[in-house]
Amino acid sequence: MDILLSFLDFVLHIDKHLFELVAQYGLWVYAILFVIIFCETGLVVTPFLPGDSLLFAAGAIAGAGHLDYAALLAIMLAAGIAGDAVNYSIGHHVGPAIFDRDSRLIRKEHLLKARAFYEMHGGKAIILARFVPIVRTFAPFVAGIALMHPGRFLTFNITGCLLWVGGLVSAGYFLGNTPFARDNFGIIVYAIIAVSLLPVAVEMLRARRGGR
């Protein structure tokens, strides 16, 4: 329970924690941010890391003049793209072995359906997943298992990352230092998460109306 409360405190007050990290580690903060975003997108075991709020807070700190905006964008884009690529590669190498036989946890027929789904809707799924906490950690792994074409995945990986990183870092850079944002950062974090879930909610409603 204490660990959960500490994690929630870190997420909701991530702007303050980042200021402390910048003051303590200087330029090494870029490396710290790279590792966090890379792990959140690249490792299936770390979906709990605060990607959305971290990007917004980092942008706000860049807007305050403590980080370079262009360098931050480049490093976060590299982390997000590389993370998804590694996650996809792991799934891609695991996939063929699973296709050879049924397992107790994953049936071959389900993987075949997943592969067909990603061939048809993979681009939209990968891009939308970028904006959904936890889902974005598993989406590239599942795409790899489903044997989505590497070139196709890379295209949507880069597109989704440009929208995700560019949007949140820029929002933090231009809006994060307004009086309202400074006084209501926790509320903004919740709002970012809620807005991130909207695309999936819309897709679910459209699928239900379409009878799928």
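Trainee: Why are α3 and α4 called roughly antiparallel to each other?

Mentor: In this predicted model, helix α3, residues 28-42, packs on α4 at an angle of about 155 degrees. Angles over 145 degrees count as roughly antiparallel, and therefore α3 and α4 are given that label. Their axes are 10 Å apart.

Trainee: Which residues make the contact between α3 and α4?

Mentor: From α3 come L33, I36, I37 and E40, and from α4 come G51, L54, L55 and A58. The crossing of α3 past α4 is left-handed.

Trainee: Which residues of α4 meet α8?

Mentor: On the α4 side they are G51, D52, L55, F56, G59, A60, A62 and G63. They meet W164, V165, L168, V169, A171, G172 and Y173 of α8. G51 and L55 are also among the α4 residues in contact with α3.

Trainee: How do you know that α4 is mostly covered?

Mentor: A residue is buried when its relative accessible area is under 20%. In α4, 12 of the 13 residues are buried. They are G51, D52, S53, L54, L55, F56, A57, A58, G59, A60, I61 and A62. For the chain as a whole, buried residues make up 39% of 212.

Trainee: What span does α4 reach, and what span is expected?

Mentor: α4 covers residues 51-63 and reaches 18 Å from its first C-alpha to its last, close to the expected 18 Å. Helix α8, with 26 residues (150-175), reaches 36 Å, close to an expected 38 Å. After α4 comes G65, which has a positive phi near 90 degrees.

Trainee: Which residues of α8 are buried?

Mentor: They are F153, N157, G160, C161, W164, V165, G166, L168, V169, S170 and G172. Among them, W164, V165, L168, V169 and G172 also meet α4.

Trainee: Why does N87 count as buried?

Mentor: The cut-off is under 20% relative accessible area. N87 is at 0%, so it counts as buried. N87 lies in helix α5, residues 69-99.

Trainee: What does N87 touch beyond its neighbours within four places in sequence?

Mentor: N87 is in contact with T41, G42, L43, V44, T137, P140 and F141. At T137, the backbone oxygen lies 2.6 Å from a polar atom of the N87 side chain. T137 and P140 are among the buried residues of helix α7, residues 135-145.

Trainee: Why is L77 called buried rather than partly exposed?

Mentor: The relative accessibility of L77 is 18%. That is under the 20% cut-off, so L77 counts as buried. L77 also lies in α5 and, leaving aside neighbours within four places, is in contact with C161, L162 and V165.

Trainee: Why does L43 count as partly exposed?

Mentor: Partly exposed lies between the buried limit of 20% and the exposed limit of 50%. L43, at 30% relative accessibility, therefore counts as partly exposed. L43 sits in the loop between α3 and α4. Not counting residues up to four places away, L43 touches F38, N87 and T137. L43 and F138 are 95 residues apart in sequence, and their C-alpha atoms are 8.5 Å apart.

Trainee: Why is L147 partly exposed?

Mentor: L147 has a relative accessible area of 22%. That value is between the 20% and 50% limits, so L147 is partly exposed. L147 is found in the loop between α7 and α8, and has a positive phi of about 60 degrees although it is not a glycine.

Trainee: How many helices and strands does the chain have?

Mentor: The chain has 10 helices and zero strands. Of its contacts with a separation of 6 or more, 80% join residues 24 or more positions apart.

Note on methods:
Residues numbered from 1 in each chain as written. Predicted model: local features only at pLDDT ≥ 70, side-chain atom pairs only at ≥ 80, totals over all residues. Heavy atoms only, no water. Helix = DSSP H or I, 4+ residues; strand = E, 2+ residues; numbered from the N terminus. Expected span 1.5 Å × (residues − 1). Buried < 20%, exposed > 50% of the residue type's maximum accessible area, 1.4 Å probe, protein only. Polar contact = N/O pair within 3.5 Å; in protein donor to acceptor, adjacent residues only side chain to side chain. Contact = heavy atoms within 4.5 Å. Axes fitted to C-alpha atoms, helices over the stretch in contact; angles between N-to-C directions. Parallel < 35°, antiparallel > 145°, perpendicular 65-115°, else oblique. Left-handed = near helix turned anticlockwise from the far one by under 90°.
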